[in-house]
Amino acid sequence: MKSVPPTPLIALTDIRRRYGEGEAAVEVLRGVSLEICAGEFVAIVGASGSGKSTLMNLLGCIDRPTSGSYRFAGRDVAALDADHLAWLRREAFGFVFQAYNLIATETARENVEVPAIYAGVPKDPRQAQAAALLDRLGLGDRLDYRPNQLSGGQQQRVSIARALMNGGRIILADEPTGALDTRSGAEVMSLLDELADAGHTIILITHDRHVAERARRVIEISDGRIVADSGRGEAAKTGRATLPDLAVADTGHASLSANLREATRAAWRVMRINRLRTALTLLGIVIGVASVIVMMAVGEGARRQVMAQMGALGATILYLENRSAPDGSPPRGIDDGDLAEIARLRSVSRVMPTIGDPVTIRYGNRDARVYSQGITTDMPSIHKWPVAQGRFFTEREMRELAPVVVLGSKIYEQFFLDGGNPVGRQLLIGNTLFEIIGVMSSKGASSGSDGEDKRVFVPYRSALVRIYQRPVPDYVVVEAKSTDLVDDAEREIRALLAARHGQEDFSIDNAGARLNAEMASRRSMTLMLGLIAVVSLVVGGIGVMNVMLMTVKERTREIGIRMATGARQRDILRQFLTEAVMVSLVGGVAGVALGLTLGGVLLLFAVPIGFSPLAGLGAFGCAVATGLLFGFMPARSAARLDPVRALAGE
Ligand code: ADP
Ligand code: MG
């Protein structure tokens with residue numbers, strides 16, 4: 001039988017690693033060639049500064065050589081992309097560092113679970129395996145301890161358990177005993193010994209010759225060069241590279257939802273640990289969202305109020321009144337000829353002369369002094385004021401000076417205590433009998449004042465002739481054809497009457513224009529309020545970004561650890577983005593709650609408020625979008641960190 005030389009698991013050829021550029025460049029590894037087979041227990045020994053850690057980072061694929069070739073299980077590592085390298089770190093390597101490099105915010109078990117999370121192992125088996133590993137390493141009763149609650153030796157055992165989590169085919173231990181007391185150091189060494197016996201490939205880096213002698217092969221490095229190699233031991237002869245094929249490496253293994261759940265849990269923890277900072281960041285978002293909601297509600301409330309006024313009055317209405325001319329001469333009065341001419345104007349749709357005065361009315365044995373108004377058939381439609389009982393009078397009744405009357409709702413209540421049908425009954429206005437033909441609906445309900453409900457309405461001409469014996473109306477309501485034409489109508493009427501009367505013996509109150517102006521000012525107020533709200537939301541977003549940038553800076557080491565244990569760039573991106581969105585989400589919910597509360601308080605103070613679910617939803621959506629937008633930059637800079645530099649905490 002011919003003995004086939006085993007394929008080396010790791011084959012380095014003339015590896016060089018330079019730091020810096022040009023003049024300042026230092027070559028730390030100066031042509032390292034080395035083969036390590038599966039199952040070997042190798043110690044790399046050398047003085048401090050000789051390049052051991054640099055070599056190990058290259059072996060573990062968290063750093064790339066400046067030149068030279070690295071073949072892993074026969075494949076050129078230089079040809080692998082970031083995801084494949086992450087896969088290698090996850091599936092092939094397990095790092096054990098001098099400084100343990102555990103994630104401070106996570107418990108022992110959670111630290112051990114990290115590599116399996118990135119490998120997509122479901123929660124239950126993952127937790128069980130982490131617990132089993134810790135138990136095997138004598139930490140079964142320390143599962144829920146955080147790193148700062150563990151001794152150095154215990155922390156190092158946690159990090160060995162983490163290295164074994166995904167199988168730990170190759171354990172890369174960089175001065176694993178360097179920070180430990182003699183006894184803990186000895187324990188860690190015998191652990192590595194056992195693992196070597198169990199078939200793990202172990203590469204141990206140390207400056208201590210005694211420690212190195214525990215290994216089965218010792219490679220000496222000095223000043224970036226290998227100066228001695230004790231040669232392959234027995235184990236190597238039988239060892240084989242037993243890695244899954246890189247070509248079929250599933251680099252996107254973990255399911256998105258599992259990953260998100262994990263990221264959410266981690267984000268929640270970070271938020272809880274940095275409570276004060278989180279609260280302050282939240283405040284920005286809360287204020288932003290709440291102000292969007294309140295300001296939109298106030299703006300909307302104001303708009304609805306004007307809309308209601310417009311509904312009652314109409315934004316197309318002008319009032320025309322008699323007035324003394326500028327030179328003091330009495331008004332000629334707006335006569336029927338004027339009315340007919342005004343009605344013919346291009347911009348005018350309807351003209352309603354109005355005359356009114358308090359009069360005494362009598363029904364049965366009751367009498368009262370009420371305001372009676374002579375008005376036209378257009379009144380209910382111009383004032384959007386329907387009849388409740390009976391009907392309004394007709395054109396014909398107007399022409400024929402019919403003695404008919406429509407009662408305001410309060411007058412009806414006052415005279416018909418039993419609520420009986422008044423239609424057809426006779427009423428005395430002054431000295432004239434009028435027949436009741438209808439009752440108006442209550443206006444007070446919509447306008448807030450019952451003044452208009454305490455009136456009676458008679459046809460304009462009947463009032464002129466039968467009640468007041470006056471020739472001209474008190475005022476005329478003119479309706480423009482549209483809101484755009486109220487100003488035209490005012491101009492045209494002014495010109496027409498000035499020509500007909502030869503003097504300005506009238507005044508025009510442009511109510512429609514007033515309402516339109518008010519509407520426009522309310523609209524611009526809403527816009528301005530919205531703008532202020534958006535600004536505060538942006539300020540909140542900048543707060544999120546600021547905190548996220550700080551978080552990333554503070555946690556570069558954690559990011560390095562995660563990358564060394566196999567996190568892909570997108571895992572890191574997702575984690576930090578999740579944190580940003582979580583902050584905004586919680587802030588959004590709190591902001592909506594605060595906004596609704598503040599709106600409620602304003603309502604108590606009779607400020608008109610118009611909550612719109614859309615504004616609430618929009619504000620909430622904006623908050624989440626703010627988190628995504630302002631969290632993206634910091635998250636991306638975290639994902640793009642260089643693993644080695646991140647591990648060094650730079
Ligand atoms: P060892 O682990 O053997 O103590 P290292 O591999 O950590 O040595 O470092 C070897 C040399 O490389 C040291 O002189 C160190 O100053 C230098 N070095 C390490 N990392 C960097 C870096 N990022 N930039 C510049 N020089 C570095
Ligand atoms: Mg070192």
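This is a predicted model: local features need pLDDT of at least 70, side-chain atom pairs count only at pLDDT 80 or more; totals for chains, interfaces and linings use all residues.
**Exercise 1. The end of helix α1**

*Solution.* Step 2: place the helix. α1 spans residues 52-59. Step 3: count the covered residues. Seven of the eight residues of α1 are buried, which leaves the helix mostly covered. Step 4: name them. The buried set is K52, T54, L55, M56, N57, L58 and L59.

**Exercise 2. The shell around ligand 1**

List the residues around ligand 1 and sort them by class.

*Solution.* Step 1: collect the neighbours within 4 Å. They are Y19, V28, A47, S48, G49, S50, G51, K52, S53 and T54. Step 2: sort them. Three are nonpolar, six are polar and one is charged. Step 3: ask which element gives the most. That is helix α1, with three residues.

**Exercise 3. Polar contacts and cover of ligand 1**

Which backbone atoms lie close to oxygen atoms of ligand 1, at 2.7 Å, 3.2 Å and 2.9 Å?

*Solution.* Step 1: take G49. One of its backbone N or O atoms is 2.7 Å from a ligand 1 oxygen. Step 2: take S50. A polar backbone atom of S50 sits 3.2 Å from an oxygen of ligand 1. Step 3: take K52. Here a backbone N or O atom is 2.9 Å from a ligand oxygen. Step 4: turn to area. Ligand 1 on its own has 560 Å² of accessible area, and the protein covers 56% of it.

**Exercise 4. Two residues of the shell**

Are S50 and T54 buried or exposed?

*Solution.* Step 1: locate S50 in the loop between β3 (41-45) and α1. Its relative accessibility is 4%, so S50 is buried. Step 2: check its side chain. A polar side-chain atom of S50 lies 2.6 Å from the backbone oxygen of A47. Step 3: look beyond four places in sequence. There S50 contacts V28, I221, S222, D223 and G224. Step 4: move to T54, in helix α1. At 10% relative accessible area, T54 is buried because the cut-off is under 20%. Step 5: list its contacts, again leaving out residues up to four places away. T54 touches R17, Y19, V28 and L29.

**Exercise 5. Helix α16**

Which residues of α16 are buried, and what covers them?

*Solution.* Step 1: α16 runs over residues 460-468, with Y460, S462, A463, L464, I467 and Y468 buried. Step 2: the cover includes strands β12 (348-363), β13 (366-375), β16 (426-429), β17 (432-440) and β18 (455-459), and helix α13 (395-399). Step 3: step past the helix end. Q469 follows α16, with a positive phi near 50 degrees.

Key. Residues are numbered from 1 along each chain as its sequence is written. Chains are lettered from A and ligands numbered from 1 in the order in which they are written. Side-chain values use heavy atoms; hydrogens and water are left out. Buried means under 20% relative accessible area, exposed over 50%, partly exposed in between (1.4 Å probe, protein chains only). Helices (H or I, at least four residues) and strands (E, at least two) are DSSP runs, numbered from the N terminus. Contact means heavy atoms within 4.5 Å. A polar contact is a pair of N or O atoms within 3.5 Å; within protein, one must be able to donate a hydrogen and the other to accept it, and residues adjacent in sequence count only if both atoms are side-chain atoms. Accessible areas come from the Shrake-Rupley method with a 1.4 Å probe; for residues, only the protein chains shown count as cover. Ala, Val, Leu, Ile, Met, Phe, Trp, Tyr, Cys and Pro count as nonpolar, Asp, Glu, Lys and Arg as charged, and the others, Gly among them, as polar.
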